Amino acid sequence: MITKQLAKMVAGPICFKRTVYTLPHLSVRIKQTENEIVSMFQLSVPREEVKRLPWNHRFSKKDPSVRLLDERFIRILKIFKWGPDAEKALEVLKLKVDNRLVREVLKIDVEINVKIQFFKWAGKRRNFEHDSTTYMALIHYLDEAGLVGELWKTIQEMVHSTCIIAPAELSEIVRILGRAKMVNKALSIFYQIKNRKCKPTASTYNSMILMLMQAGHHEKVHELYSEMCNEGNCFPDTVTYSALISAFGKLGRDDSAFRLFDEMKENGLVPTAKIYTILIGIYFNADRVEKALDLVQEMKVRGCAPTVFTYTELIKGLGRAGRFEDAYSIFMNMLKEGCKPDVVLINNLINIFGKARRLEDALKLFNDMECFQCTPNVVTYNSIIKSIFDSKAPASEAASWFEKMKASGVSPSSFTYSILIDGFCKTNRVEKALLLLEEMDERGFPPCPAAYCSLINSLGKAKRYEAANELFLELKENCGQSSARVYAVMIKHFGKCGRLDDAVELFNEMKKLGCNPDVYAYNALMSGMVRAGMMDEAHALFRTMEENGCSADLNSLNIILNGLAKIGGPKQTMKMLMKMKDSNIKPDAVSYNTVLGCLSRAGMFEEAAKLMKEMNAKGFEYDLITYSSILEAVGKIDEDRNSTTA
């Protein structure tokens, strides 16, 4: 049998005897094969050298379990996998099956299934039980191999076994399950081990909290923190506070985040740069810019140097607040302090320059990236292309940067195409935008609602309603449904071209498909109704919008105001303007010009003159058409008076 032959192989040199070889050429071939097999399992290191190897001095000969695995056994395991032959080799080599041996066998570079079979076989041996070290070794290999099912079974087996699990091992199990997106299972294991086998430490709780954070379970984070504090011997550290403050920030519970920050300092813990950075971001999100800047000063006073992440948060926040010069000053100070920017920070600054219409500064920063040892990525190129369009530079310049991007080996994203399509649509180059949509499709990108929205809107403005509808139907066919914004654009254009029935049908279709109409969709349909003179229906839709929890915006009120100006007359129009002044949504230039036009058409020039003074005081400009019509009407009145006097 092959097992007996292998046992002899691993035991030492072998002399094979055959009684009869029927054919001379076969006899030669069989002897050659036997020699090959023997040499395969011979040690590659001469016996004299084996005696001099270091492990012979480190380990006792009386304890065979600690001997380095024999190379012959490793070869058998690699070729014949786990089975009777490998079992026999262990016996012949007198390797005692214990935890050390199991860990050594699991280290061998063989298929994961071989390791699993060996592990299960070892667990059934008399006088042997796996401990936490052998379980953890297999768990790591299963995690590396991505065998989620087997991983979960092994963890469950470990929990139900008699082995003791240390807090560090529990932390590692939680991290592994978190990476495998098995959050609920991690929670289950945590409580099973906590109640039976292990007293969690702060580090264990931190592993749980961080896993929940990464999975977006922010509410559960605070619950676990409360449990941690109730343990009595488990105190939060900076890692705990960092995760909790971040969780509260994401939940919009800013006050709780600030309270935790104060609590942390009261407990004698020194805030890290990461904690300061999180809080700076929370302040900026709440439009509390000065508070964010004060925190930076506190950070420096406490000797906590801002990191590149801190500076990124500062620059991003100041950019959102429209404080472009301050953002650039922060960047220059950062360089003076010796903090090296990364590509994320550069991308944010380029984006800020684009919004400020400072294209030259954006391009200069791009060229300086090499000096900062930052390699431009797809976001960098997207930001430059968007800056070109925002700065009203020639669209051909954006096209050349698109080609430069591809030439540099940076693959465009769907967002790249969306920026280009939107930019070309806004510069009336619809045909170029359509070609880009086709290229996007050829590259295998899924249909992008934002790109379709720009094209549908441009085609609608050009009164190419059928082409716009074709694109809309194409998007629905490819995606199964469309976004609320695309529906709103199509509804708006159906209303403009007098196809109100189609607009209403589309609005109802949205609701049936579970695509809740937003304020843009409501406004689009109301605008179509007002254009068709259906003021009662527009008013009813306005009320429905608010009943459904969709808050009206200034555009909503201006649409209704426009309808009243056309149908309701000056008194109703003025009444609504007064209501807007007293509400949270204040009238803008469009509101005033709408009322001004209504007054001029009704010949109420004194009221119109008062309103013009009010507009002037508020810094609003007159609509030129309305203003010229007022002047024309006033001119006619003067002519009539002069002719009457004469």
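Asn347 is buried, with a relative accessible area of 7%; buried means under 20% relative accessible area, exposed over 50%, and partly exposed in between, using a 1.4 Å probe and protein chains only. This is a predicted model, in which local features need pLDDT of at least 70 and side-chain atom pairs count only at pLDDT 80 or more, while totals for chains, interfaces and linings use all residues. Residues are numbered from 1 along each chain as its sequence is written, and side-chain values use heavy atoms, with hydrogens and water left out.

**Overall make-up**

- The protein has 37 helices and 0 strands; both are DSSP runs numbered from the N terminus, with helices (H or I) of at least four residues and strands (E) of at least two.
- Of the 646 residues in the protein, 45% are buried.
- The accessible surface of the protein is about 34,700 Å², and carbon and sulfur atoms account for 52% of that surface. Accessible areas come from the Shrake-Rupley method with a 1.4 Å probe, and for residues only the protein chains shown count as cover.
- Taking contacts between residues at least 6 apart in sequence, 61% join residues at least 24 apart. Contact means heavy atoms within 4.5 Å.

- Asn347 sits in helix 21 (residues 343–355).
- Not counting residues up to four places away in sequence, Asn347 touches Asn377, Val379, Thr380 and Ser383.
- Asp131 is placed in the loop between helix 8 and helix 9 (132–145). With 23% relative accessibility, Asp131 counts as partly exposed.
- Asp131 touches Asn99, Arg103 and Cys163, again not counting residues up to four places away in sequence.
- Asp131 and Cys163 are 32 residues apart along the chain, and their C-alpha atoms are separated by 5.2 Å.

**The nonpolar core**

- The largest nonpolar core has 193 residues, and Phe73, Trp82, Ile245, Leu279, Phe331, Ile421 and Ile456 touch the most other members. A nonpolar core is a set of buried Ala, Val, Leu, Ile, Met, Phe, Trp, Tyr and Cys residues joined through side-chain atoms within 4.5 Å.
- Helix 17 (residues 273–285) supplies the largest share of this core, 9 residues.
- At least three residues of this core come from each of domain 1 (236–339) and domain 2 (580–645). The domain bounds come from an automatic or database domain assignment.
- Ile245 is in contact with Ala257, Leu260, Phe261, Ile275, Ile278, Leu279 and Ile282, leaving aside its neighbours within four places in sequence.

**Salt bridges**

- The structure holds 28 salt bridges. A salt bridge is a side-chain nitrogen of Lys or Arg within 4 Å of a carboxyl oxygen of Asp or Glu.
- Lys81 forms a salt bridge with Glu111, and the closest N and O atoms are 3.4 Å apart. This pair links distant parts of the chain, 30 residues apart: Lys81 is in the loop between helix 5 (71–80) and helix 6 (84–92), and Glu111 is in the loop between helix 7 (99–107) and helix 8 (112–123).
- Lys81 is partly exposed, with a relative accessible area of 32%, and Glu111 is also partly exposed, at 47% relative accessibility.
- Arg175 and Glu172 meet through their side chains in a salt bridge (3.0 Å, N to O). Both residues lie in helix 11 (residues 167–179), 3 residues apart, which is about one turn of the helix.
- Arg175 is partly exposed, with a relative accessible area of 36%, whereas Glu172 is buried, with a relative accessible area of 18%.
- Arg464 and Glu431 form a salt bridge through their side chains (3.2 Å, N to O). Arg464 lies in the loop between helix 27 (449–461) and helix 28 (465–479), and Glu431 lies in helix 26 (residues 430–442), so the pair ties together parts that are 33 residues apart in sequence.
- Arg464 is partly exposed, with a relative accessible area of 35%, and Glu431 is partly exposed at 48% relative accessibility.
- A network of salt bridges links Glu403, Lys406, Glu439 and Arg443.

**Cysteines**

- The structure holds 0 disulfides; a disulfide is a pair of cysteine sulfur atoms within 2.5 Å.
- Cys229 is partly exposed, with a relative accessible area of 35%, whereas Cys515 is buried, with a relative accessible area of 9%.
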